[in-house]
Amino acid sequence: MSTANTETMAGLRKPAPADAGLHELIRERWSPRAFSGAPVPRALLDSLVEAARWAPSCMNEQPWSFVLADRYADPEGYARLESALMEGNRVWAGRAPVLGIVVARLAFTRDGAPNRWALYDTGQAVAQLALQAVAAGLRVHQMGGFDADKARRLLGIPEGYEPVAALAVGYPGDARELSPELLARELAPRQRRPAGEWVHGSRWGGAWAPAAGGAVSET
Ligand SMILES: Cc1cc2nc3c(=O)[nH]c(=O)nc-3n(C[C@H](O)[C@H](O)[C@H](O)COP(=O)(O)O)c2cc1C
């Protein structure tokens, strides 16, 4: 490992190698495994919650709920959340000072009809929270790798609410403290499918070819 690399390991940045024009907050958001154990001031956590709160949602239902635990304020609660993580995530996420489980209410409050946008809206709330975190110098790593039944039981999540994802929140840490396998994943280049694979112009399979003025061409 070169000195230059080592020096950047503490608080490793992995900005998206994206086209110019991408907002800094989006470019800098990524999902690290190396977290510093430093506590997160409550005011910053509250700003993350506020960012989630202002997410858009179908019928303004706001179907999301978050169960959060700060290891310093509530070690028992933290241990409960930690124990619901899959081992492969627990090894690194258990260092983050704050863990969370985001939960979606699956039916509309007003009439009990199924809310087919509940997961969509809940994801948007987390996306806003994750970007607010970057603005505060924090990082969020979302995890599908947790035991939803165990989380439901341990955290007392009621029927009709679905545990969707777990979150690790904290300041970036020193990647040199990760196992060699995790370090390799931490340093791996960030990749995305080209937009041409999933942006369709006018109809499914249509070429997305912005013309002058940004119009989409007919296929
Ligand atoms: C719903 C969801 C579930 C995820 N589950 C895991 C997980 O269990 N373990 C993990 O290490 N990363 C998990 N990730 C992180 C993704 O692997 C990561 O977002 C993706 O590789 C893109 O990398 P980036 O966030 O650094 O841009 C998850 C992300 C999302 C949004």
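Confidence in this predicted model averages a pLDDT of 92 over the chain, and 92% of the residues score at least 70; pLDDT is the predictor's confidence in each residue, from 0 to 100. Over residues 1-7 the pLDDT is below 50, and over residues 214-219 the value also stays under 50. Local features here need pLDDT of at least 70, side-chain atom pairs count only at pLDDT 80 or more, and totals for chains, interfaces and linings use all residues. Residues are numbered from 1 along each chain as its sequence is written, and side-chain values use heavy atoms, with hydrogens and water left out.

**Nonpolar cores**

- A nonpolar core is a set of buried (under 20% relative accessible area, 1.4 Å probe, protein chains only) Ala, Val, Leu, Ile, Met, Phe, Trp, Tyr and Cys residues joined through side-chain atoms within 4.5 Å.
- The largest core has 25 residues, and Trp92, Ile101 and Ala168 touch the most other members.
- A second, separate core holds 18 residues, including Val98, Val126, Ala130 and Val169.

**Salt bridges**

- The model has 10 salt bridges, each a side-chain nitrogen of Lys or Arg within 4 Å of a carboxyl oxygen of Asp or Glu.
- Arginine 42 and aspartate 46 form one of them, at 2.9 Å from N to O.

Note on methods. Contact = heavy atoms within 4.5 Å. Buried < 20%, exposed > 50% of the residue type's maximum accessible area, 1.4 Å probe, protein only.
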